[in-house]
Amino acid sequence: MTNKVSILTTASCFPKKILTNADLEKMVETTDQWIVERTGIRERRIASADEEEWPSDLAARAAKKALEEIDFDPNTIDGIICATMTPDYPAPGVAYLVQKKLGLTNQCMAFDLGAACSGFVYAFNTATSYIKSGFLHNVLVIGSDCTSVYTDYRDRNTCILFGDGAGVALLSSRSDGQGDVLGFSLGANGHNGSFISVKNGGCAHPITKDNVEDRDRFLRMQGRETFKNAVKVMEENSLETIARVGLKLEDIHWMIPHQANKRILEAVAQRMGFPSEKVIMNIERFGNTTAATIPTCLDEGIRDGRIQRGQYVLFTAFGAGLSWGSTVLRY
Ligand code: UT7
């Protein structure tokens with residue numbers, strides 16, 4: 001028999017600084033109207049070193065809040081998995097910094113996982129597999145990114161989209177009788193990796209004194225191609241996952257898709273025939289926060305009472321790699 005997996009607590013943390021569409025109008029040739037109509041985004045948060053708002057800071061603040069709210073002893077966490085594309089440092093990873101910032105002394109396993117905008121779904125399902133197999137019991141799953149650092153504020157195709165933030169969920173075998181992660185499907189297509197990429201800054205093209213001014217250290221995206229792939233893959237992958245767990249579309253109470261563009265989310269829901277009012281979104285206020293979009297939407301839906309215990313929730317994500325994944329859970 002495998003363990004059930006419950007979500008015990010969630011929380012989010014965003015940087016203080018708000019970057020509005022009006023601010024962007026002063027930086028690149030764009031308009032508030034274009035951004036709202038083409039993406040649904042009105043503002044996003046930008047991390048600042050002065051405020052100590054790097055991925056591990058945001059994640060640790062969210063985790064502290066989540067654990068304190070249910071009076072959970074941090075030292076009973078036996079695993080930390082952090083999905084991030086933008087770690088504070090090449091080493092140590094964000095998960096280790098969070099372990100330290102939470103004051104954990106139990107030496108539990110911890111690691112970062114890189115699957116860009118699909119990262120949280122990958123991390124969530126890795127944690128689920130560990131718990132179902134009995135290997136771990138309480139896993140802190142994090143999605144935390146500061147993609148603003150890799151954003152070119154001279155490129156109007158991308159700078160309007162990204163924001164920073166972190167969301168966490170504590171998964172546990174300590175079942176309340178209702179909650180369980182029912183199943184998932186994950187996929188990738190490295191052949192189209194160039195759709196979303198950052199050329200400089202890794203081993204292949206390190207930052208040197210000669211290229212330090214190059215704009216190749218920023219994220220580039222083939223927006224239209226990514227958009228088309230995202231809609232198709234998120235629809236197919238969601239339907240595949242729902243069928244795999246033996247449910248029907250009408251059984252799903254809430255869909256939480258990765259927040260890349262409001263038009264993508266609306267198109268996915270429309271093609272699936274899923275009611276748009278059951279799609280949880282925070283893109284208008286936070287933009288695309290990479291690995292943090294799904295856990296922050298989950299947290300918001302639980303806090304405002306939309307997501308109730310016993311309801312079925314679908315996560316679906318698509319991002320750089322290309323990578324994608326969906327999960328169905330009973331909250
Ligand atoms: O999280 C990872 C996954 N990411 C995504 O899924 C993002 C997917 N892509 C998108 O969200 C959209 O493709 C964008 C928001 C990036 C672009 O929207 P679009 O509706 O696909 O526009 P487009 O690229 O087809 O460009 C249409 C026009 C172009 O002008 P021309 O060539 O027709 O004269 C662009 O230069 O809109 C122009 N444009 C802008 N105009 C004003 C592009 N960005 C802007 C801008 N303001 N910010």
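Modeller: P92 is found in the loop between strand 4 (79-83) and helix 4 (94-101); helices here are DSSP runs of H or I with at least four residues, strands are runs of E with at least two, and both are numbered from the N terminus. This is a predicted model, in which local features need pLDDT of at least 70 and side-chain atom pairs pLDDT 80 or more, while totals for chains, interfaces and linings use all residues. Residues are numbered from 1 along each chain as its sequence is written, and side-chain values use heavy atoms, with hydrogens and water left out.

Colleague: What is the geometry of the peptide bond from A91 to P92?

Modeller: That bond is cis, with omega near -5°. A cis peptide bond also joins G321 and L322, where omega is about -10°; L322 lies in the loop between strand 12 (312-319) and strand 13 (323-330).

Colleague: What makes E69 and R303 a salt bridge?

Modeller: The term requires a side-chain nitrogen of Lys or Arg within 4 Å of a carboxyl oxygen of Asp or Glu. For E69 and R303 the N to O distance is 2.8 Å, and the pair therefore qualifies. E69 belongs to helix 3 (residues 55-69) and R303 to helix 9 (residues 293-303), so the pair ties together parts that are 234 residues apart in sequence. By this rule the count comes to 19 salt bridges.

Colleague: Which residues come nearest to the ligand?

Modeller: A residue is near if one of its heavy atoms lies within 4 Å. Of the 21 residues around the ligand, T30, R224, N261, R263 and N288 come nearest. The largest share of this shell, four residues, comes from helix 6.

Colleague: How do you know how the shell around the ligand divides by residue class?

Modeller: Ala, Val, Leu, Ile, Met, Phe, Trp, Tyr, Cys and Pro count as nonpolar, Asp, Glu, Lys and Arg as charged, and the others, Gly among them, as polar. On that basis the shell divides into eight nonpolar, eight polar and five charged residues.
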